[in-house]
Amino acid sequence: MAASPSLELPADATVAPRNEKAPAVGERIPVHSEVCFGCADLPHGLRLESRVADDEAGAAAVRSRMVLRPDQQGAPGLLHGGLLTAAFDEVLGSVVALVTRPCVTARLETDFRAPMPIGSTLWLRARVEGRAGRKLYAAGTAHLDAEDGPVVGTAHALFLKVGMEHFLRNSRPEDLEALGVPAERIRAARA
């Protein structure tokens, strides 16, 4: 079995600033897909609202908000831990997308620090810690009920830059076609 990729930021990593075409500080990050469990306004989704944040070191950064609903319970009255991990995957992926696209999650580690009661609001912050080649390292924190509230979770992730061929080969053809990708292009990528 292969070893998991390291979440350690390599010594040769560089600061990963926002791409010049990315939204400006303070702007809301648009929904990247109308069917996304994390950012789209779906009844069963997380419904994360994310905005570009300022980072004193010049790295790409995001702040996000998530209201915890009764249908997201694990233990009675508390957020299911897997949904915090999903929220981190979305927010860390959003901050990486400010630097370069497309990328995929290679590894994500979540640490749970305190329970998250249903009815609360999570404020998540994320930043790209650095970039080394096609690897991007991101980290985030989840705060309860205020942007500077108690930290209830932290996460570290490694994302890999991939080509569009990754999605053309692996996504369902009908979903790609709904986004306007010609069927011929999908077939060619799978040949």
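Reader: What is leucine 124 in contact with, leaving aside its neighbours within four places in sequence?
Author: In this predicted model, leucine 124 touches Leu48, Val62, Arg63, Ser64, Met66, Leu84, Ala87, Phe88, Val91, Thr141 and Ala142.

Reader: And the largest nonpolar core, how many residues has it?
Author: It has 35 residues, and those with the most contacts inside it are Met66, Val95, Leu122 and Leu124.

Reader: Which elements each supply at least two residues of it?
Author: Those are β2 (61–67), α1 (81–97), β4 (121–132), β5 (135–144) and β6 (151–161). The largest share, eight residues, comes from α1.

Reader: What other core lies apart from it?
Author: One of five residues, including Leu168, Leu176, Val181 and Ala189.

Reader: Switching to charges. How many salt bridges?
Author: The count is 10. One of them joins glutamate 49 to arginine 65, with the closest N and O atoms 3.8 Å apart.

Reader: Which parts does that pair tie together?
Author: Glutamate 49 is in strand β1 (residues 49–53) and arginine 65 in strand β2, so the bridge links parts 16 residues apart in sequence. Glutamate 49 is partly exposed at 37% relative accessibility, and arginine 65 is partly exposed at 31%.

Reader: What about glutamate 184, which partner does it meet?
Author: Its side chain meets that of arginine 187 in a salt bridge (3.9 Å, N to O).

Reader: Which residues do shared partners join into one network?
Author: Asp55, Arg127 and Glu129, through salt bridges.

Definitions and conventions
Residues are numbered from 1 along each chain as its sequence is written. This is a predicted model: local features need pLDDT of at least 70, side-chain atom pairs count only at pLDDT 80 or more; totals for chains, interfaces and linings use all residues. Side-chain values use heavy atoms; hydrogens and water are left out. A nonpolar core is a set of buried Ala, Val, Leu, Ile, Met, Phe, Trp, Tyr and Cys residues joined through side-chain atoms within 4.5 Å. Buried means under 20% relative accessible area, exposed over 50%, partly exposed in between (1.4 Å probe, protein chains only). Helices (H or I, at least four residues) and strands (E, at least two) are DSSP runs, numbered from the N terminus. Contact means heavy atoms within 4.5 Å. A salt bridge is a side-chain nitrogen of Lys or Arg within 4 Å of a carboxyl oxygen of Asp or Glu.
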